[in-house]
Amino acid sequence: MSTTRAVWLFIAALTAIRLCLLATTDLSFDEAHYWMWSERLAPAYFSKGPGIAFAIRASTAVFGANEFGVRFFSPVLAAGTSLLLFYFARRLFGATAGLWAVIALNATPIFNIGAVVMTIDALSIFFWMAAMFTFWRAVEKSPSFSWYWPLTGLLIGLGFLCKYTNAFELISVLVVLALVPRLRREFKRPGVYLLIGMLVLCKIPPIVWNAQHAWITLAHLRSRGSLDRGFGFHPVEALSFLGQHFIVYSPLLFLALAWGVIGSWRRISQQFKVLFLMWFGLPVFVFYLLLSFNKSAAPNWDALAFFGFGLVATYFWWKRLQSSVLLWICASIAVLMGLIMSVVALNTDLLRVTGYQ
């Protein structure tokens, strides 16, 4: 069996299991809130863009206003994100490395929860991963023009309509183009401006809505980040933010990811792949780390950073795994621990206690 076929079968089996789980628990507070939004479609809402409302409206129109209908897109988007990760990793490092990247992703508790609970994160990470892949394809075809440029802008824009954090992806794009000498010429070509134009078009609805509603979203975000009471320096809060990642990503998997990212840092100026992936993680992660010195951010807020970081870690560990039986054993234990923690995390009573949102 080919590796690609194995990945498709693995994802199909997981998706079938997740679909079976959708109707087994009541909606969370956030899910019920988003469902109410879907009954009253608007260009934006006080805390978020319209993406989640339109997605739920589409699924409930087909499956009804029930738990399955509200959550239908969650496992579907998780499958789409997994496939995008595989094909991107296959393009960068080979099919087997892509397979292990998909296995590691689907072993993390935070991703498994997001694959059965319909929140903005499922949409956000899908569009982030898709835009990162299409931007890579646009760069591959440089200096020739490619429709991957406006497609990337559209995908970033759609992500922005789901979660405003996705706008950071434009920073990643511009930094990569600015840091690589051969790509700086793109600033003299139409592709990057078509990308920005598509993103701007997507931003218009929530901006107009906010202008009509006293910029309520900005007030909400300031309050959410505890910035309405000023900015303090609390290192313990930042340590708490980092420590929570060891739980939601599984201790060994997050340790391997952090080790891989730190170990790859010296190669950021030597290898384009590392530079590209690193800068698709740094802006989001650094922003929330700095914010956490005031008040610890939730560990899912910077989830977008861990697709670039995760691929960097995959690159770091892949050759080492091929030459060490001990590392293979450690990797297997890390994945197994992640899966066990995921099963525990999907326990409904535990989710209520932890207040996952």
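Arg137 and Glu140 pair up in a salt bridge, with their closest N and O atoms 2.6 Å apart. Here a salt bridge is a side-chain nitrogen of Lys or Arg within 4 Å of a carboxyl oxygen of Asp or Glu. Both residues sit in helix H8, three residues apart, about one turn of the helix. Helices, by the way, are DSSP runs (H or I, at least four residues), numbered from the N terminus.

Before going on, a word on what you're looking at: this is a predicted model, where local features need pLDDT of at least 70 and side-chain atom pairs count only at pLDDT 80 or more, while totals for chains, interfaces and linings use all residues. Residues are numbered from 1 along each chain as its sequence is written, and side-chain values use heavy atoms, leaving out hydrogens and water.

**Salt bridges**

By the rule above, the count comes to five salt bridges. Three of them are listed here.

| Pair | N to O distance |
|---|---|
| Arg137 and Glu140 | 2.6 Å |
| Asp121 and Lys163 | 2.8 Å |
| Arg189 and Glu186 | 3.0 Å |

How covered are these residues? Buried means under 20% relative accessible area, exposed means over 50%, and partly exposed is in between (1.4 Å probe, protein chains only). Arg137 is buried, at 15%, whereas Glu140 counts as partly exposed at 36%.

What does the bridge between Asp121 and Lys163 tie together? Its two side chains meet at 2.8 Å, N to O. Asp121 lies in helix H8 and Lys163 in the loop between H9 and H10, so the pair links parts that are 42 residues apart in sequence. Both of these residues are buried.

**The inside**

Take Phe276: not counting residues up to four places away in sequence, it touches Phe88, Met132, Phe135, Trp136 and Val176. Contact means heavy atoms within 4.5 Å.

Helix H9 (residues 148-162) is mostly covered, with eleven of its 15 residues buried. Among them are Trp149, Pro150, Phe160 and Cys162. The cover includes helix H3 (51-63), H8, helix H10 (168-179) and helix H11 (191-212).

Helix H5 (residues 73-93) holds Ser74. This serine is buried, with a relative accessible area of 0%. Leaving aside neighbours within four places in sequence, Ser74 is in contact with Gly114, Ala115, Val116, Val117, Met118 and Ala122. The C-alpha atoms of Ser74 and Leu41, 33 residues apart along the chain, are separated by 19 Å.

**The outside**

On the surface, Phe246, Leu252, Leu255, Trp259, Val325, Ile329, Ile333 and Met337 form a nonpolar patch with about 730 Å² of accessible area together. Patch residues have over 30% relative accessible area and no salt bridge; nonpolar side chains (Val, Leu, Ile, Met, Phe, Trp, Tyr) are joined within 5 Å, and like charges within 9 Å. Accessible areas come from the Shrake-Rupley method with a 1.4 Å probe. Helix H14 (251-264) and helix H18 (325-345) are the elements giving two or more residues to the patch. The largest share, four residues, comes from H18. Val325 has its place in that helix, and at 65% relative accessibility Val325 counts as exposed.
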